[in-house]
Amino acid sequence: MAKTAKITVDGKTYEVDATKNLLEVCLSLKLDLPYFCWHPAMGSVGACRQCAVKKFRDENDKVGKLFMACMEPIVDGMIISIQDAEAKEFRKGVIEWLMTNHPHDCPVCDEGGECHLQDMTVMTGHDYRRYRFKKRTYKNQYLGPFINHEMNRCIQCYRCVRYYRDYAGGKDFDVFGVHNTVYFGRHEDGVLENEFSGNLVEVCPTGVFTDKTLGKHYTRKWDQTYAPSICVHCSVGCNTIAAERYGLLRRVQSRYNGEVNGYFLCDRGRFGYEFVNSPKRIRKPLRKNKETRQFEELGSEDALKYIRKLLSDSKRIIGIGSARASLESNFTLLSFVEKQNFYWGESDRNIQLIQKQYDILRNGPARTPSLRDIEKCDVVIVLGEDLTNTAPMIALALRQSVRQEPVQSATPYRIPHWQDQAVRELTQDEKGPIFIATPLATRLDEISETYRAAADDIARLGFMVANSFSDRSPLVSGATDEQKKLSGKISEALKKAKRPLIIAGPSLQSEAVIEAAANIANAMITSGKTCELCFTVPEVNSMGMAMMDITHQGIESAFEALKNKPADTLIILENDLYRRAEEQAVDSFLGKFKNVIVLDYLENSTSLKADAVLSSGSFAESDGTFVNNEGRAQRFYQVYDAGENIKESWRWLRDIMLNSGLHEFGKWKILSDFTNALSKAMPVFDGINNITPPPGFRIAGEKIPREPFRYSGRTAMFANKSVHEPKPPEDIDSPLSFTMEGYRGKPPSSIIPFFWSPGWNSQQAINKYQIEIGGALHGGDPGKRLIEPKSGKTPAFFTKIPQAFSPRNGDWFVVPVYHIFGSEELSVNAPGINELTPKPYVMISSEDAGSLGLTSEKQIELEAQGKTYSLPAKLNLGLPKGLIGIPKGLPGMPEIKTGSWVRLKMG
Amino acid sequence: MDDKPLTKYIRTDQVPMDIKEYEHSGGYEALRKILKTMQPKDVMDAVKDSGLRGRGGAGFPTGMKWSFVPMGDNAPHPKYLVANGDEMEPGTFKDRLLLESAPHQLIEGMIISAYAIQADIAYVFIRGEYTLAAKIIQASLAEAYQAGYLGKNILGSGFSLEMYVHTSIGRYMCGEETGLLNALEGKRANPRAKPPFPQSSGLFGKPTIVNNIETLSNIPHIMNNGGEWFKKLSLTGEGGTKLYGASGKVKKPGLWELPLGVTLRELLEEHAGGMKDGFKLKGLLPGGASTDFLTEEHLDVNMDFTNVGKAGSRLGTGTIIVMDDKTCPVGFVHNLEAFFAQESCGWCTPCREGLPWVQRILNAIEEGNGEMRDLDILSYHTKYLGPGNTFCALAPGAMEPLQSGLKYFREDFERHIKEKRCPWRS
Amino acid sequence: MLTEEEKHEIEEEFKLYPYKSAAAIEALKVVQKHRRWVSDESIKDIAQLLGITPDELDSVATFYNLIYRKPVGRNVIHICNSVSCWVMGYESVLKHLIDHLGITYGQTSSDGRFTLLPVQCLGTCDHAPALMINGDLYRDLTPDIINSILEKYQ
Ligand SMILES: Cc1cc2nc3c(=O)[nH]c(=O)nc-3n(C[C@H](O)[C@H](O)[C@H](O)COP(=O)(O)O)c2cc1C
Ligand code: SF4
Ligand code: FES
C-alpha cells in the first residue's frame, strides 16, 4: 500500500489505500456495495449512480449527503455510511429505474443465474414494480459468430463501449442515439472486428452480449462442471475456466490471475475451445487394419495389448514430443524412449531460436515480464512480432502500456488515475512511446511508430539502438537515414523511460532479431538503466520444452538421425508433423517405420498415417503443467472424466511402459508422481509440484468441488440409461472433486474452479477472491516463475550484424503472416474461429504488384522448393518491396518455408 | 453615464451596428484601453471587483471563475475561451438579442476576457437554430479581424487571439458547460466529471473558460466604467443590469434591460403590462424552465440571485414564464418534463430513466389516467433526482418546476386524478 | 462519394480545430446542407475524410436533433413545442399544419415538399407561437397566417 488513510464506514474504522476510490476500497474491505459502470480494469466514470453512499462532513453531521463511491477519492478521516437508509433507498431506486425498461426475461436469458444485474437487484432489495408504462424495444444486430446481441436487456452502464473502444482499441462499436433510447452496437450489422470482443460477455453486467457458442449448447452456470485451466492457443498462458456438462465442453471464461491475464482473454482463447467437441475428435483408441487400411476402434485394454504387441519386437523406438503437450507427457515419453531417442517435434530452426531466447533470459540480466508487468511499462520496442496474431493478450497489454505516460501527466492536475473519463479528457489521444518494427502492418500500428522492413533490417535497427547505449554492442555500418533517425528517436525515448520493455520472438525465424533485442536490453542494463525483455514463443509449452533437459533436436534432426541409425517404431505425442516440415519429407520419414503410434485428441494428417492411435485427453480431459513465454509454470486440470478411453498422454505412456515390462514406472500413479520425478530429473523445474496444493489437500476434510452447490439433475442425468445414479468419478490427481460435494468456501488461488460468493453469482464475484481489488488473489496469483535474471553478471553481447536486405530481381523473400484466427492448429477446428479464418493466399506489396500488373484476388503461380502453387494475391500497402507474405498454418495452405526465396509466375 | 449598458448599442430596429458605427459609439475603446494600460491580472481584478455573476443560470462569480485558470509562463497552451450561446432553456430568449443585435459588444467582451486569462483561441458557440445570429457574428468577426482586433499581435500589444464560430446541431446539453466542450470536440454532448474543472482541463484537455453571452457582453462596460459603477447599476448590490424577459399571457411580452434586483411585480406589471385581459396569474417560473415556481405571494421579491433563492427558486436566466389561470398546471409541468426527458443525454441512470417515467405519469394524470400514488412517485423523483444524485445539473433543474408545482398546485393534480380528466379541457 | 465542393467545405472547417475529427459536427452539417439529410453512405464518406470510423461518426450524428439520418422533404418545418409556445396555443397551429399538409411529426408530404418536426424552444418566447422553415423564423403565429407562409416554400 502506497499511501494509507483511516476512514470510517458505518461506525467502523479501517486503514485503507488512499490512492484508490471509495468503491474499490469498500469492495476490498469485502463490504457489499453495488455498482455497474465501474470496472476494476477501466476505472470510474460515475454514470450509473448505483454505488451511492452517504458521506458526512464530520462527526456532528448527522444528515450527510449522497455521493457516488466510485467517484470519491479517499480522504483521511472520511466518514461514510453504506447502510444509511437514504443511501439504501437511492440505490434501490437506481435498480428500479434500470428495471423500467429491462425485459425481465431472466428465464430465457443466457445470463440468468450469473447476472450482475440480478445480483445487484437482490442486493439492493428492489422487488416491487411501480412503473406501469410500456417498455422500449430495440432491434438486435448480427455481430459475428462469437457474440449474441440482445439490446432490450441493456441497462446503459456504458461499460461495453468503454471496454471495446477505450480499453481494447476497437473502432467498429459505439453508442448511438440519446436519452432513454441509447443503443450499443455497430453502425451496421457485421462481425465485430476487435480480437478481444469476447470480453464483452463478461464486461456486460447483464445479458446484452452473451457467448454465442455457449448459446448453441446452453447450460446454466450452476449446472456446469468447472475446472481451472490454461489456454492452449498461444504461449501467453492465460488462465481460464473451462466448463462442461454431459461430456460436452460448454465454454471458456477468463480465470482471474493478477499477474497474467487479469480479467480478460482474447477471442481465440475464449472461443477456440470448441475443437474439443469437434467431430474430428479421437474418442477411442484406434488400430489400423493391415488389409483395409481403415481404422478400427478398440477398448483401452485391447489398445494397450495391441501396442504391447507392436513394441514387443521393436529394436529402437523414436519418440517425438510436442510443445502443445504438457511437461508431464513429454517427460514420460522421454523417460520411455530415453534422451538420445527423443526429439522435440518442432523444426530445428524454431528450436534453435526458442533455445536462444531461453538462454538469453536464463543467463542475462534482463527480466522477463508478466503480462501485468507489460501493462506497466512506459516505453516499448517490438521487434518483428505481429503480437495481435502471435501473442494476442500481449497486444492488449500494450494498449494499456501506452497509457502509462499520459496517465502520469494527470498527477499534477490532481486527477486520480482511476478517474477514467477525466484522465482521457486531459490527455486526449496522447500515447506513450511504442515502436513496432515488422514487415507487415499490424493492428497496433495505430498506437505506435512503425518501421516496415525485412527481418535483417529490423535487426539492424535494433543493433543501432543497442549501440547507442553501449559500445559493447557493435556499430552498424551503412545505416540508412531513415534507420538513423528512427533509432535515434527510439534511443531518446528509452533514455527517458522509467520502465522500458523490449519485445521480440521467433516469428520471422531470424536469429538476428532476437540477438538485437537482447543487445538492447543488455546494453541498457550495463549502462545503468533498467530494461525488461519479453519473448514470444510459438506454442503453449514451447518455453517448457526449451527448459527441459533434452538434446533439443528437432524434426529435421530426427529425419537425419534415422539415416544413420534405423529405428522401427515411432511414438508421436500430440503433434501433427505435417505442420512442422514439408509433406514429402514427413511422408518419407513416417514410411521408414514399421510401427507408428500416435497419441492425440484430434484427427490430423499425422494421425491418419498411424498404425495405432491412442485417444489422449485434450486440455479439458487432462491434468498437467505448461510453462508460458514468461517462464511461468502453470497447472491445468481436467474438467470432467471422459471415461476410460480418454486419458492424459502421460497416463497412456505410463500404461504402455508398464505393459512393456518397465515395472519401475509402476510407482508413477498420480500426477504429482510425474511432476516429482520430473523436477528430480530436471532441477530447473524444482518446485512445480507446489504450484497447486497436493492431491491430498483438504479443507475441513473436504475436497474442492468442481460443481456449484446448486448443480441440478444429477439423479436424472443418465436416467435414460439407468435409473441408478452412477457413482461419481474420483479424481486421484487433484484436490478437486467431480461433484458438487465438498468445501464451499474459497479454495486456494491456484485451484479455483469458478468464482462465486454469496450474493455474487456473476464473474464479478472475483472481487471477493482478491486481496485488493484488481490486485493479487488471496494466497497469491497462481503459477511459479522459473526464470529470473542473473544480476551482477556482465552479459554477453551478440556481435554478428546481418547484411541489409536487398531485393532480388524476379525472386521474392518469404515472410510469414500469422492470423489469430487460422494460424493456430487447434482453434481452427472451432466452428466460429473457422468461419473467420482466411482462405489461402499470398501477399505481395502494392508496389511490386503494380510493376507486375497484378491486381487483388488474381491467381499467381508461386514456385517454391521446386514446386508450383497457384494462390490468389492479396495486395499490401506497407510490405517492403521484394518480400512476399505467406500465411502460416491456414487450412489448405501449403507449408512454404519462411526465409526462402520463391519465384512468381503470372496466371 | 449609461444605465443600460447592454442595450446601449442596440438600435430600435435591432439591426446590428457595423464595426464603424460601433467604434463611433465608443466601441472597442475598452479593448484599446486595457491592451495599453492593463495587465491580465488587472482585468481579472476589475471583473472580480465588479461582482459580476454569470448570466448563464448558475450565477457563479465570473472573476473568481477566471482566477482558477493557470497563468504565467508554465501554464499549458493553447488556452480557450468559449462564449456559451446555446440558449435552449425553454422560456429564454435573451442571448439571441445580444447575438443578433450587439455582435461587436460580445466580440469585444470576449477579446478582453481572453486577454484576462491569456487565451489563444475563442469560440462563439451558437445553437443551430440561431441561423441569423450565426450569420451576424460571422460577419462581425470578419470585420474585427479586418480591423486588427483579432489575429496575431492585436493592436501591437503582443497579444494574439483567434476567434471562431461554432454552430451546434441541437441538444440542450450543449449548453451545459462540459457538454458544450464535448460538442466542440466533435463528440456527443455528454457532461464531464467535475473536478477537474474546465479552468484546468477543459477543451481538448486545456484550460478553458465558458461564459454566457450576456456575461461576456458586460465586460467592455466594466472595463470602461469600473467595478463600482457596475455594482451601483443594480438595486440590491449584486452588480449590473440584467436582461429580463416575460412570456406567456401578459399584455406586453418582451425583453428589457433593467437594474439587477427589480421586483417581480415591477417586471410583470410595469414592463410586461400585467396579465392579458381575462387572465389571472397562477404562477410563474422566474428564470426559465429549470427554476421553481413562484406565485402571487412572491411578487415583491427582488429579482437577483440571493433574493430569488430565498424565495425558494432561482434567478436562472431571468426570463420569466407566466402561467395563467386558464392554463393547466399539470399540462404545463408535463410540457416541461417532456422537454427534459427528451433532452436527457442518456449518461446517468436517474435522469435517463427517471425523467421519462415522470413524463409518462404526468401525461397519464393529464389524460385522466392518474393514480393517487403517482404523486408519491413524482415526489420521490424530486427528491432523488436532486443535485449530486445525478451526473450533471439537467435533471435537478428538471425537478425544480415539478417539486414546486406539486407544492403550489397539488389540488390541481389531485383534481385531475379524482375527476379522471383534465379540468381545463372541455 | 462526397462532391469536391463538400470536401472543400469540410476541409475548411479543419482549420478551426486541432484535429480533424473535432470537425465532425461541421462536416455533418456541410453534407446535410447539400443533400438535405445524411445517409449511411454519407456517414461512411464523411468518416473517411475525418479519419474516423462510421461507427464513431454515427455515434455523434445520432446524438443530436438537427442531423437527419432519414430523408426529409425539400422544406423542413420545425415547430416549437416548448412551454411558452404551448401556453400561447401552438397546438392550434400544429393542428392546422397537420390537417393542411396531411402529415404529422416525422413525416414528409407525399409530394416531398414538407417534412414536419418538433423543435425545442426557439428562443423567441415573447413572440410565441413560433416555427422555423429551413432556418427562417416565423413568430406570433395564428392558424390563419400559416398558408401564406407555406406558399413561399415550394
Ligand atoms: C442542462 C444545462 C443547460 C445549460 N444551458 C446553458 C445555455 O444554454 N447557456 C448558458 O449560458 N448556460 C447554460 N447552462 C449553464 C452552463 O453550464 C454554465 O454554467 C454557463 O454557461 C456559465 O456561464 P456564466 O458563468 O457566464 O453563467 C446550462 C446548464 C445546464 C445544466
Ligand atoms: S443528469 Fe445525467 S443523463 Fe441527465 S443530462 Fe445530466 S448526465 Fe445526462
Ligand atoms: S459504479 Fe459508481 S456511478 Fe456507476
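A backbone N or O atom of B:Gly56 lies 2.7 Å from an oxygen atom of ligand 1, in a model that is predicted and whose values are all computed from its atoms. An oxygen atom of ligand 1 is likewise placed 2.7 Å from an N or O atom in the side chain of B:Asn212, while a nitrogen atom of the ligand lies 3.3 Å from a backbone N or O atom of B:Gly175. The surroundings of ligand 1 comprise 18 residues, of which B:Gly56, B:Asn84, B:Asn211, B:Asn212 and B:Thr215 are the closest.

Ligand 2 has 13 residues around it, and those that come nearest are B:Pro191, B:Cys345, B:Cys348, B:Cys351 and B:Cys392. By class, this shell is made up of ten nonpolar and three polar residues, with no charged residue among them.

The domain assignment of chain B gives three parts, namely domain 1 (5-233), domain 2 (241-324) and domain 3 (329-419). Although the C-alpha centres of domain 1 and domain 3 of chain B lie 35 Å apart, eleven residues of domain 1 of chain B are in contact with nine residues of domain 3 of chain B. The area buried between domain 1 and domain 3 of chain B is about 960 Å², and carbon and sulfur atoms give 71% of that area. Across this interface one salt bridge is found, together with three residue pairs in polar contact, both members of each pair being at pLDDT 80 or more. On the side of domain 1 of chain B that touches domain 3 of chain B, seven residues are nonpolar, one is polar and three are charged. A salt bridge is also formed between the side chains of B:Arg171 and B:Glu343, with an N to O distance of 2.8 Å.

Between chain A and chain C, the contact takes 13 residues from each of the two chains. Chain A and chain C bury about 1000 Å² between them, with 48% of this area on carbon and sulfur atoms. On the side of chain A, the residues that lose the most area to chain C are A:Lys171, A:Phe176 and A:His187, which together account for 46% of what that side buries. Two salt bridges are counted between chain A and chain C, and C:Lys44 forms a salt bridge with A:Glu188 in which the closest N and O atoms are 3.2 Å apart. Nine residue pairs in polar contact, with both residues at pLDDT 80 or more, are also counted between chain A and chain C. Strand E7 of chain A (residues 174-176) contributes three residues, the largest share of the side of chain A that touches chain C. The residues of that side divide into six charged, four nonpolar and three polar.

Chain C itself is assigned two domains, domain 1 (4-63) and domain 2 (75-151), and the C-alpha centres of these domains of chain C lie 29 Å apart.

Over all chains, the count comes to 105 salt bridges. Among them is the pair formed within chain A by the side chains of A:Glu72 and A:Lys55, at an N to O distance of 2.8 Å. Because A:Glu72 lies in the loop between strand E4 (65-68) and strand E5 (79-81) of chain A, whereas A:Lys55 lies in strand E3 (residues 52-56) of chain A, the pair ties together parts that are 17 residues apart in sequence.

Notes: Residues are numbered from 1 along each chain as its sequence is written. Chains are lettered from A and ligands numbered from 1 in the order in which they are written. This is a predicted model: local features need pLDDT of at least 70, side-chain atom pairs count only at pLDDT 80 or more; totals for chains, interfaces and linings use all residues. Side-chain values use heavy atoms; hydrogens and water are left out. Contact means heavy atoms within 4.5 Å. Buried area is the accessible area (1.4 Å probe) that two parts lose on being put together, summed over both. A salt bridge is a side-chain nitrogen of Lys or Arg within 4 Å of a carboxyl oxygen of Asp or Glu. A polar contact is a pair of N or O atoms within 3.5 Å; within protein, one must be able to donate a hydrogen and the other to accept it, and residues adjacent in sequence count only if both atoms are side-chain atoms. Helices (H or I, at least four residues) and strands (E, at least two) are DSSP runs, numbered from the N terminus. Ala, Val, Leu, Ile, Met, Phe, Trp, Tyr, Cys and Pro count as nonpolar, Asp, Glu, Lys and Arg as charged, and the others, Gly among them, as polar. Domain bounds come from an automatic or database domain assignment. A residue is near a molecule or strand if one of its heavy atoms lies within 4 Å of it.
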